[in-house]
Amino acid sequence: MNTPSRLPLRSGQEAPGIKRQHTARYYAHRVRESLTTRVSKLICAIFLIILFVLGIVAFILWLSLRPHRPRIYIHDFSIPGLGQANGFENAEIIFNVTARNSNQHIGFYYDNVVGSVYYKDQRIGDTPLLNPFYQEAKNTTIMYGVLSGATLTVNSHRWMEFLNDRSKGTVIFRLDVTSNIRFKVSSWSSKRHRMHANCDVGVDPNGSILASYKNKRNLLETQKAPRHQRLPFCLSLVSSRFSSC
């Protein structure tokens, strides 16, 4: 009798119907891998949620505490006796400015505040305006300045230049207000920043501020000091009434 021929099995090929049996060590390894993957995903998800919550909290705090810079306004500027030919003998410049803190929860520590007056980019006088002080939130501080005598350098030649400009209808000066300030939030205070506010201001033949120089917007710039950061702006304002920046 002829016996049916059987095909030989290739090496590495299992016979049909035979399932591979895995050891307990294999299953334990698979379980550990699965647990590790799940734990890693859980940790990443928790980390991302924490970052998301912290981002929202930081954004809310920034909206509520973002600092507004001090706003400097010229309220008055005058030169009595500008029309007098020998007025330089008793020359006097009178001005007052206001510093407005419009923040809700942030105060400012000011160092000494100094006011300086320039004519054709030449300083003709400066004077202290205020000693160091603390300005609370939503507060306005008035600063008065008078330049005369030793604090005002005006000779007969300079006075004649004033009179020549006066004959044209306008005499232009520049007022600078400088100080170092610190921001205060609750019990925390920032480093000192250099505040430099400057503005051109014109007076009429009577020595009073011109209406065309009222309510001008501020010009903002950024400067840094060698030993401490300056405030990230320079205010340039010419205004005799209170207006927002």
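1. Val 57 is partly exposed, with a relative accessible area of 41%. On this scale buried means under 20% relative accessible area, exposed means over 50%, and partly exposed lies in between (1.4 Å probe, protein chains only). Val 57 belongs to helix H1, residues 24–65. Helices (H or I, at least four residues) and strands (E, at least two) are DSSP runs numbered from the N terminus.

2. Residues are numbered from 1 along each chain as its sequence is written, and the model is a predicted one. Local features need pLDDT of at least 70 and side-chain atom pairs count only at pLDDT 80 or more, while totals for chains, interfaces and linings use all residues; side-chain values use heavy atoms, with hydrogens and water left out.

3. The chain holds two helices and eleven strands. Of its 245 residues, 35% are buried. Among contacts (heavy atoms within 4.5 Å) with a separation of 6 or more, 69% join residues 24 or more positions apart.

4. Val 57 also takes part in a nonpolar surface patch of about 770 Å², together with Ile 49, Phe 52, Val 53, Ile 56, Phe 59, Ile 60 and Leu 61. Such patches consist of residues with over 30% relative accessible area and no salt bridge; nonpolar side chains (Val, Leu, Ile, Met, Phe, Trp, Tyr) are joined within 5 Å, and like charges within 9 Å. The areas come from the Shrake-Rupley method with a 1.4 Å probe, and for residues only the protein chains shown count as cover.

5. Helix H2 comprises the twelve residues 156–167; at 1.5 Å a residue it should span 16 Å, and its end C-alpha atoms are 16 Å apart, which agrees. The expected span is 1.5 Å times one less than the number of residues. Asn 155 caps the N-terminal end of H2, a side-chain oxygen lying 3.3 Å from the backbone nitrogen of His 157. After H2 comes Gly 169, with a positive phi near 105°.

6. Which residues of H2 are buried? They are Arg 158, Trp 159, Glu 161, Phe 162, Leu 163 and Asp 165. Their cover includes strands E4 (113–119), E5 (122–130) and E8 (171–185).

7. The whole structure contains five salt bridges, each a side-chain nitrogen of Lys or Arg within 4 Å of a carboxyl oxygen of Asp or Glu. One of them joins Arg 192 to Asp 111 (2.9 Å, N to O). This pair links distant parts of the chain, 81 residues apart: Arg 192 is in the loop between E9 and E10, and Asp 111 in the loop between E3 and E4. Arg 123 pairs with Asp 126 at 3.6 Å; Arg 123 is exposed at 52%, whereas Asp 126 is partly exposed at 30%.

8. Asp 176 and Arg 174 also form a salt bridge (3.1 Å, N to O), and both are buried. With Asp 121, they are linked in a network of salt bridges.

9. Gln 135, in strand E6 (residues 133–135), is buried, with a relative accessible area of 1%. Polar atoms of the Gln 135 side chain lie 2.7 Å from the backbone oxygen of Ala 99 and 3.4 Å from that of Asn 139. Residues that Gln 135 touches, not counting those up to four places away in sequence, include Arg 100, Phe 108 and Tyr 110.

Technical notes:
A polar contact is a pair of N or O atoms within 3.5 Å; within protein, one must be able to donate a hydrogen and the other to accept it, and residues adjacent in sequence count only if both atoms are side-chain atoms.
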